[in-house]
Amino acid sequence: MSDAADLIDLRSDTVTRPTPGMRRAMAEAEVGDDVYVEDPTVRALEERTAELFGHEAAMFVPSGTMGNQIGMRLVCEPGQEVLCDADAHVVTYEMGAAAAIFGISTRTVVSGLSGRDGGRGHGRLDAQQLIEQVRPKDNWHLTATAAIAVENSHNRGGGLVQPLDQLQQLWDWSRTADVAVHLDGARIWNAHASSGVPLSTYGGLADTASVCFSKGLGTPVGSVLVASAERIATARLWRKRLGGGMRQVGVLAAACTYALDHHLPRLGEDHEHARLLAKRLGVDPATVETNMVVLEGVEAPMVAEAAKARGVLVSQVSASRIRLVTHLDVDRAAVDRAGDVLAELLGR
Ligand SMILES: Cc1ncc(COP(=O)(O)O)c(C=O)c1O
């Protein structure tokens, strides 16, 4: 077993540790009481993020889960439903929060544009498919569809980037149909770095969007919800009700601002590392759109354990699927070493 310091952790981009520069920025942050909306560093981050995504306002939240759940609540009443992909984070990894906390129903479709995994779909948005599933608000029997949630990039889809034409089609239709669009943009930065589509374009195709700083951008914590000023005013009430009111968290917002300045421009490096890993492991590089590589058809528990014994941590997405995620704390040498270890284990 390797020393902890030698471990190459490819389980997720959430495992990154704040860099010395980020820690300095945190230590030097000017702070105030954020529940009173008086923390200047938080306010600056909120204003900057709102502007980046072309929205009126924004609110700092402790997690992407809180950003998503409040975001969906802003556009969906209890007893109504949010429609989304079956592999979406909001229905897979948020512990039924929409139902448990807000009385929001969720309904899923297995998204169908991906040819991967026998065409079963990996979350790639098919606007028409979703539109056909929407249920009206004026029917005495049906659960009304108030919103559609879209994830970009898609986590369980192996970091795939949603096609802009599909996002646009969904958005254009939603304007005519009184259905809102929520964007789970935990990794919207990776989508942007990969596709070149401006963040403001992505933001302009959603009513509410939650974006995370604690994934590829490398902060210890922090997400921001963007929306209209009116919606963000309501969001502040929900955040406080959920126990998410925070005080002198400029120290955390400073890390996010630092990440925008220093880590957003380097995301392409992580994507390049993911492509290198894919190539080394015989995975079609075309399936690698951002910072994730998915190994299909492997004995996941066995591979994960053997890799760990040799100093490489990977995550098991299912019994036959392993996910590798590149990030700030994995440099080129580590990518090469991890590639060697996994190639040997998999006989590739
Ligand atoms: C796509 C996506 N959305 C939302 C989240 C939730 O973020 P958090 O862990 O900060 O609640 C994650 C976490 O990994 C994610 O991958």
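Two strands are said to pair if DSSP finds at least two bridges between them. In this predicted model, strand 11 (residues 315-318) and strand 12 (residues 321-325) meet that condition, since three bridges link them in the antiparallel sense. The two strands form a hairpin, with two residues between them. To place one of the bridges, look at Gln316: its bridge partner in strand 12 is Ile322. In a regular strand, side chains alternate between the two faces of the sheet.

The next stop is the ligand. The ligand sits in the largest pocket of the model. Which residues surround the ligand? Taking a heavy atom within 4 Å as the cut-off, they are Ser63, Gly64, Thr65, Asn68, His89, Glu94, Glu151, Asn155, Asp184, Ala186, Arg187 and Lys215. By residue class, this shell consists of six polar residues, five charged ones and one nonpolar one. Helix 3 (residues 64-75) gives the most to the shell, with three residues.

Several side chains in the shell can be followed down to single atoms. In Thr65, a polar side-chain atom lies 2.6 Å from an oxygen atom of the ligand. Asn155 has a side-chain N or O atom 2.8 Å from an oxygen atom of the ligand. For Lys215, an N or O atom of the side chain is likewise 2.8 Å from a ligand oxygen atom. On its own the ligand has 390 Å² of accessible area, and the protein covers 83% of that area.

Two points in the backbone deserve a look. Most residues other than glycine have a negative phi, and most peptide bonds are trans. Where does the model contain a cis peptide bond? One joins Asn152 and Ser153, with omega at about -5°. Ser153 is placed in the loop between strand 5 (145-151) and helix 8 (164-177).

Val37 is not a glycine, yet its phi is positive, at about 55°. Val37 lies in the loop that runs between helix 1 (20-27) and helix 2 (40-52).

Methods: Residues numbered from 1 in each chain as written. Predicted model: local features only at pLDDT ≥ 70, side-chain atom pairs only at ≥ 80, totals over all residues. Heavy atoms only, no water. Polar contact = N/O pair within 3.5 Å; in protein donor to acceptor, adjacent residues only side chain to side chain. Areas by Shrake-Rupley, 256 points an atom, 1.4 Å probe, with all protein chains shown as cover. 1 Å grid on protein atoms, 1.4 Å probe; cavity = no way out; pocket = protein on both sides within 12 Å on 5 of 7 lines; lining within 4 Å. Sits in = over half its atoms within 2 Å of the grid points. Helix = DSSP H or I, 4+ residues; strand = E, 2+ residues; numbered from the N terminus. Nonpolar A, V, L, I, M, F, W, Y, C, P; charged D, E, K, R; others polar.
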